[in-house]
Each structure stands twice: as structure tokens, then as C-alpha cells.
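Here are my notes on the model you sent. Please read them with the structure open.

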Amino acid sequence: MKTASRILGTALFLDGFEVQDAPRYGAERRGAPLFAYVRASRQPINERGVIRRPDLVIVADDTLVPMPAAGVMAGLGDFTVLLVNSQEAPSVWKDRLNLKGPVLTLPATAEDRQELRFAGAACAGAAAALLGVVSRGATERAIREELGPLGAEVVAANLERALAAFDLMAGHAGCVQEGTEVSASGYRHPEWIDLPFEDARVAAPAIHGAATSVEVKTGLWRTMRPVIDYSRCNRCWWVCSSFCPDSAIGVNAEGRPQIDYEHCKGCMICVAQCPPHAIEAIAERAAAAAEGGRP
Amino acid sequence: MTRILLTGNRAAAWGARLARADYLPAFPITPQTEIIETIGSWIDSGEMDCRMATLESEHSMITAAGAAAATGARVFTATSSQGLLYGMEMIYTVAGWRAPFVLVNVSRGLASPLTLEPDHNDVLATRDSGFLQIHCATCQEVLDSILMAYRLGEDARVRLPVIVNLDGFYLSFTREPVETPDPAAVDGFLPPYDPENVRFRASAPLSQAVVVLGGSPYSYFRYESHLAALNALEAHEEIAEEFARTFGRTYGALDTYRTEDAEIVFVMMGSFATKAREAVDRLRQAGRPVGCVRPRLLRPFPEEGLRRALAGKRGVAVIDQNISMGKGGVLYGELASALYGLGQAAPVLVSFIGGLGGRDISAEEFYEMAAVTRSAAEQGTAPPPRLLYTLDELREVRKLQAIAHVERQGLGEES
Ligand code: SF4
Ligand code: SF4
């Protein structure tokens with residue numbers, strides 16, 4: 001999503017807009033949900049920080065929608081356009097989320113691993129079209145600029161998806177309306193309160209709990225699932241287990257590595273590190289469907 | 001001169017590159033790391049001629065920076081938050097060496113509790129160290145201020161290290177259009193550093209006498225540093241003029257916005273001040289004569305300029321993105337002392353604390369602060385300091401406390 005925001009930001013900039021784009025993430029990086037935002041204006045931009053009233057919201061991973069912590073619905077107003085990267089129809093999302101504003105879907109790229117990598121570019125291309133003020137040419141140049149360092153092949157593959165998404169959304173060009181800023185006359189007064197003094201037994205930032213990281217099911221973040229092929233795993237010196245940043249790979253009594261899917265966040269570091277390439281990456285959706293549900 | 005999209009971190013790296021920094025002692029910390037990574041990649045690719053050394057802590061990093069500056073090299077380094085505090089002993093120590101260099105601090109709230117997002121308690125902890133401080137509000141200003149900071153620190157009237165501060169996330173990870181000046185023009189503005197008598201050299205061991213026993217010589221050296229810091233006001237004015245002539249962008253010790261005919265003025269530092277500007281425009285549309293003053297220099301503190309900008313105003317809302325426990329907002333206290341003695345011309349000062357740990361300040365809150373300050377001015381007395389905090393936020397905390405309570409019960413710590 002960071003890449004998508006940069007592609008869109010650069011495309012707007014190339015077409016003469018003032019731009020601000022930024023990702024937001026916490027301490028977790030690889031595999032954790034994150035969001036990014038883009039502001040654009042014909043005037044210099046003074047506003048900063050997370051957009052409170054977005055005109056367009058794009059969800060690249062539709063499994064994040066029901067997760068309250070991901071907060072993808074925050075700030076959605078009656079005129080906000082929602083674009084979901086999803087196999088399901090716009091009407092399904094409209095009903096499910098009880099939305100008044102326009103909903104569009106980009107047929108999911110999340111089905112197989114090859115396509116998932118291009119979700120960012122596809123979202124950026126679709127967004128550029130929906131804004132109606134960004135040219136196809138600027139979108140193309142933006143992808144060349146942002147992805148150029150990754151090589152011609154990556155650029156070509158991303159260009160293909162982005163421009164396909166741009167063309168797919170062309171019929172909705174300009175459906176995103178520029179919202180108005182809050183006026184200083186007749187605004188809603190902030191409900192400020194005087195913070196009361198509270199005893200340190202309550203007010204000290206301490207929650208004592210054992211093994212709290214077990215409770216956080218980081219497995220829900222996963223879009224790709226690592227699967228060990230035990231016929232190829234030679235039980236090396238458990239490189240996978242040592243490298244896993246979430247300690248999600250244990251080793252059993254026989255010396256076999258075992259992945260804890262409740263906590264594996266899908267960062268794919270183990271896949272990259274395994275010396276005999278015994279760990280394969282499978283799209284989570286496909287793996288879960290095969291099992292009859294998400295873990 | 002080209003205009004490109006840069007994060008605040010990359011703008012800082014560009015500042016170091018264009019200043020032709022010779023030496024970069026480094027240690028990673030969020031949200032600063034992108035600065036040293038960027039410079040590291042330029043060194044690798046040969047685009048920047050600089051020696052980078054990765055140290056084992058910020059304490060060593062700041063020692064290395066000061067030591068290298070004492071050889072006459074042009075030194076750049078960067079840190080953030082807990083890292084700055086970890087190096088605090090050396091922050092004070094190297095400032096006393098009177099060997100200038102530039103340290104970029106990417107502001108991030110301090111523990112405890114731990115956070116990643118910005119406020120200014122980290123950089124304010126260095127307030128009395130002898131480092132000068134420049135606070136930035138945009139990515140462009142980050143780049144430009146680094147160039148100006150070298151001129152300022154290396155000025156013979158000053159010769160002190162300088163901290164250039166930018167806010168984490170709101171600038172560090174945010175891309176904005178930034179003009180990267182022409183290197184030849186920068187070379188003209190910022191010639192190689194003449195270290196005068198600062199001359200440590202390899203293979204020529206020397207020791208620097210820095211121990212004084214007795215308060216009298218100690219007082220002399222400390223007060224000389226203070227006088228040098230004060231000289232930086234005049235030096236900054238000259239440097240800013242030359243910068244404006246060369247690059248077309250003007251940076252005063254204070255950034256004033258629509259203050260001439262303003263009755264109410266916001267005073268705040270850092271990137272959130274651009275939000276205040278936005279609010280000023282909207283308030284003006286609604287017919288309220290409001291302006292904004294942003295101190296770029298915190299050390300030296302531009303007292304005279306603040307008196308000039310604020311004398312005769314009706315009310316001033318001071319918005320502190322920091323808190324001194326048991327006192328309140330630091331900028332509020334500093335401003336009150338600067339305006340002391342103005343008599344009839346003194347505006348009513350209202351203290352607000354907001355943006356701690358990156359907590360956003362909404363447009364409505366700016367409007368409300370202007371309204372509260374206006375009514376304080378009409379009544380002639382200020383209300384007690386106000387933390388920008390809403391009922392909804394307290395409700396969220398109550399939910400977390402309920403969880404904490406259950407956890408404690410589970411552990412038998414509470415019944
Ligand atoms: S098991 Fe593999 S993919 Fe999962 S978190 Fe660990 S290293 Fe990442
Ligand atoms: S790194 Fe690969 S070979 Fe080694 S234990 Fe893990 S899966 Fe097996």
C-alpha cells in the first residue's frame with residue numbers, strides 16, 4: 001500500500017498537483033496491516049497527518065474489512081467512494097457494511113501468489129482513474145519512476161496490471177468528489193474534558209499479564225502462508241525457526257520444524273531463508289479454502 | 001534546481017549530501033533510520049563522498065561526531081527520542097567543545113509508556129545543552145535548515161553544534177514536493193569549513209584540556225557558550241538573508257503568518273504549525289482576525305522578535321506539543337518570560353497542551369482554541385491550561401483500563 005500511495009502521489013504530482021503521501025504503521029513491519037494516504041491539491045497543502053474525511057478509500061485486502069483494529073471504515077462519509085479489491089460484488093459490500101456512498105470492486109488479484117504482488121499497482125491505477133484528474137500517461141510514468149529501480153520486468157508487469165485497472169475503472173472516472181473542509185463558523189465543538197487525577201494504581205501504564213503475545217493472533221494478518229514440504233526439509237540447523245521474527249516455528253522431538261499458524265504473520269522470511277527451499281508460499285485464501293475456512 | 005517528492009528523512013539526507021558532510025557516525029532508531037540508510041546507499045553508489053561509521057550506541061555516536069568535528073571535519077549525524085536521551089551525557093559534553101556539527105533529531109515521544117509517534121519532549125531535553133535548535137515544519141525546510149545550520153554553527157561568532165528537528169511520521173515518512181538546490185549554488189552559500197584553531201590530526205596525539213576545578217573558570221566557559229548562542233540570532237538573520245537571495249526561500253527565526261492585523265495568534269513549533277496555518281485561513285474566511293507565529297529557532301530563543309510580533313495582540317494561544325511534569329507547556333513558560341514587562345501591550349496567554357505522542361489536533365480544535373483565547377482576552381484573564389483531550393478518548397482509555405482490571409484480577413493482584 002505504501003507503493004500504491006507513492007504511485008498515486010507521483011502521478012498526481014506529474015500532472016501538476018501539490019501532493020502529500022505517507023504510510024502509517026506501528027512497530028511491526030513485514031506482514032502487518034498498514035495503511036497509507038495521499039492528499040492532492042492545486043494549492044500548497046498545509047493540512048497534515050491521517051486524513052479524517054477521505055474522499056476515496058481503497059481496500060487492497062478485503063479480509064481486513066471486518067477487523068476492527070484495521071479501521072478501514074474510519075471516516076467513511078456518505079459521499080466517500082469505497083473501492084474494495086474483492087471477488088464479491090459491490091452490492092454485497094454495500095449491504096454488508098450498510099453503506100450509503102458508492103462502492104466499487106476491483107476483481108481480486110489475491111487469488112494466486114503471482115497476482116497478489118501487483119495488488120498495489122492495480123489499486124493505484126484504479127484510483128488514478130476514479131479521481132478523473134490523473135492522466136493515463138502520468139500513471140504510467142509514475143510507475144516507471146517508483147518501480148524503476150526494481151528492473152524493467154517488474155515495471156512492465158506492474159504497468160500491465162495498473163493500466164488494466166485504470167481502463168477497467170475508466171467508466172467511473174471522476175466519481176470521486178473533492179470534499180469540503182470544515183468551516184470555522186458553525187463547526188462541531190470538540191468535547192474536551194478536564195482529565196481527572198487518578199490513583200497511580202489505576203493511572204500507571206502497567207498491565208501485568210503473562211504470555212500476552214500468545215493472545216495476539218498475528219496469524220490473521222497473513223495473506224501468504226508458508227508450508228513446509230517435509231520430504232525436502234533436511235532439518236538443517238533450523239534456519240527457518242531461528243529467522244522467524246515471531247518465533248512461530250517450533251521444533252518437535254523428532255527435530256521437525258512446525259509452523260504455528262495462529263501466530264505466523266506471513267512475512268515469508270522463512271521461505272527466503274530455508275537452504276534447501278523446502279518451504280513454499282501459498283496464497284492464504286487458497287490454503288484456507290482447501291481447509292474449509294481461515295485458521 | 002529540481003522539484004521532487006521527498007520524505008522528511010530523505011530531505012534530511014539531501015541536506016547532508018549537499019552540505020558535503022565528510023563524516024557520518026550512525027546508529028539506527030525509528031523513525032530516523034531512513035536518513036542514515038539513504039546516505040549509506042549514496043556512499044555505496046559513489047554519489048556521496050563521505051565516511052560512514054556505525055557505532056554501538058548513540059553515546060558513542062555523539063562522541064564520535066564531536067571528536068570528528070574537533071578535527072575540523074564537517075560532520076552530520078541523526079537520531080531520535082530514546083537514542084537522543086541515551087547520548088545525553090555527550091550532548092552536553094560535545095557542545096562544550098565548541099566544535100560545530102549538525103545533528104538531525106526526528107522527534108518521537110519519550111517512554112514511558114513507549115511510543116513511536118512525535119512530540120517534542122525528546123528535543124526539549126537538550127534545550128540547555130549548548131546545542132542550537134532549529135525546528136522545521138515542512139520537508140523543504142528540513143533540507144534548507146541543514147544547509148543554514150552548518151553556516152550558523154560554523155560562524156566564528158557562534159561555533160556551536162546545531163540540532164535540526166523534524167517530527168516523526170508527520171514529516172519523516174511523509175513525502176512532499178521539495179526543491180533540491182543546485183549543488184554549485186550550495187557550494188557558494190556554504191563553502192568548506194574553516195576550523196581555525198580546531199585542529200586534531202591523525203598521528204599527532206594531543207589532549208584537550210577540559211577539566212577545570214573551581215567555579216570561576218567553569219563559569220567563564222559556560223557563560224561564553226551562552227553568549228555564543230545569543231550571537232546566533234544576529235548570525236542567523238544574515239545567513240537567512242543570503243539564503244533567500246541565493247535560493248529564493250525566506251526563513252526567519254520566527255515564521256509569522258497573517259499576524260499583522262491579527263487579534264488572536266497561535267504560537268506553536270514543528271510540523272503541526274502548518275495545520276495552524278490552515279486553521280488561520282479558515283478562521284479568516286469566517287471573519288476572525290487570527291494569525292500564527294512559529295518559532296523556528298528555540299535556541300537561541302528569539303525573544304525580541306516575539307515581543308515585536310505579539311505586543312498589542314489581544315490573545316495568544318500557546319500550543320505545546322510537550323509537557324514538563326509539574327509545570328506544564330515549555331513554550332508557554334518561555335513565551336511568558338519573553339513577554340514579561342510589556343504592560344498594557346501584553347496579550348492574554350492561554351496555554352494548551354496537544355499533540356502528545358502524535359495525537360492529532362483537529363481543525364475544530366484549532367477553531368475552539370481561537371474562541372477560548374478570544375473570550376479570555378475579552379475577560380482579561382486566562383483559563384487554566386487545557387490538555388486537548390476529548391470525552392471519546394477518555395472512553396477509549398476506560399475500555400483499556402477495564403481490560404487491565406480484569407487482567408489484574410486474573411493474576412490475583414486485585415479483587
Ligand atoms: S513462519 Fe515464516 S512466514 Fe510465518 S512469521 Fe515466521 S518467518 Fe514469517
Ligand atoms: S530451514 Fe528448511 S531445511 Fe531447515 S529446518 Fe527449516 S524447513 Fe527444514
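1. Start with a salt bridge inside chain A. The side chains of Arg225(A) and Glu284(A) meet at 2.9 Å, N to O. A salt bridge here is a side-chain nitrogen of Lys or Arg within 4 Å of a carboxyl oxygen of Asp or Glu. The pair links distant parts of the chain: Arg225(A) sits in strand β6 and Glu284(A) in helix α11 (residues 284-291), 59 residues apart. Helices (H or I, at least four residues) and strands (E, at least two) are DSSP runs, numbered from the N terminus. Arg225(A) is buried, at 4% relative accessible area. Glu284(A) is buried too, at 1%. Buried means under 20% relative accessible area, exposed over 50%, and partly exposed in between (1.4 Å probe, protein chains only).

2. A word on the basis. This is a predicted model, in which local features need pLDDT of at least 70 and side-chain atom pairs count only at pLDDT 80 or more, while totals for chains, interfaces and linings use all residues. Residues are numbered from 1 along each chain as its sequence is written, chains are lettered from A and ligands numbered from 1 in the order in which they are written, and side-chain values use heavy atoms, with hydrogens and water left out.

3. Which residue of chain A forms a salt bridge with Asp360(B)? The partner is Arg52(A), with the closest N and O atoms 3.2 Å apart. Asp360(B) lies in the loop between β14 (348-353) and α13 (363-379) of chain B, and Arg52(A) in the loop between β2 (35-41) and β3 (56-59) of chain A, so the pair joins two chains. Asp360(B) is buried, at 16% relative accessible area. Arg52(A) is partly exposed, at 40%.

4. Chain B has a salt bridge within one helix. Asp392(B) and Arg395(B) meet at 3.0 Å, N to O. They are three residues apart in helix α14 (residues 391-410), so about one helical turn separates them. Asp392(B) is partly exposed, at 48%, and so is Arg395(B), at 46%. Elsewhere, a network of salt bridges links Glu141(B), Asp255(B), Arg277(B), Arg294(B) and Arg296(B). Over all chains, the search finds 48 salt bridges.

5. Look at Met269(B). This residue lies in the loop between β10 (264-267) and α10 (272-285) of chain B. Met269(B) is buried, at 3% relative accessible area. Beyond its neighbours within four places in sequence, Met269(B) is in contact (heavy atoms within 4.5 Å) with residues including His120(B), His135(B), Arg294(B) and Leu298(B). Met269(B) and Leu298(B) are 29 residues apart in sequence, and their C-alpha atoms are 8.8 Å apart.

6. Check the backbone. A cis peptide bond joins Thr30(B) and Pro31(B), with omega about 5°. Pro31(B) lies in the loop between β2 (23-26) and α2 (33-45) of chain B. The bond from Ser112(B) to Pro113(B) is also cis, with omega near -10°. Pro113(B) is in the loop between β5 (102-107) and α6 (121-124) of chain B.

7. Two residues other than glycine have positive phi. Phi of Ser81(B) is near 45°; Ser81(B) is in helix α4 (residues 81-86) of chain B and is buried, at 0% relative accessibility. Phi of Arg235(A) is near 50°. Arg235(A) is in the loop between β6 (224-228) and α9 (239-243) of chain A and is partly exposed, at 39%.

8. Chain A overall: eleven helices and nine strands. Its C-alpha trace spans about 70 × 60 × 35 Å along the principal axes. Of its 295 residues, 43% are buried.
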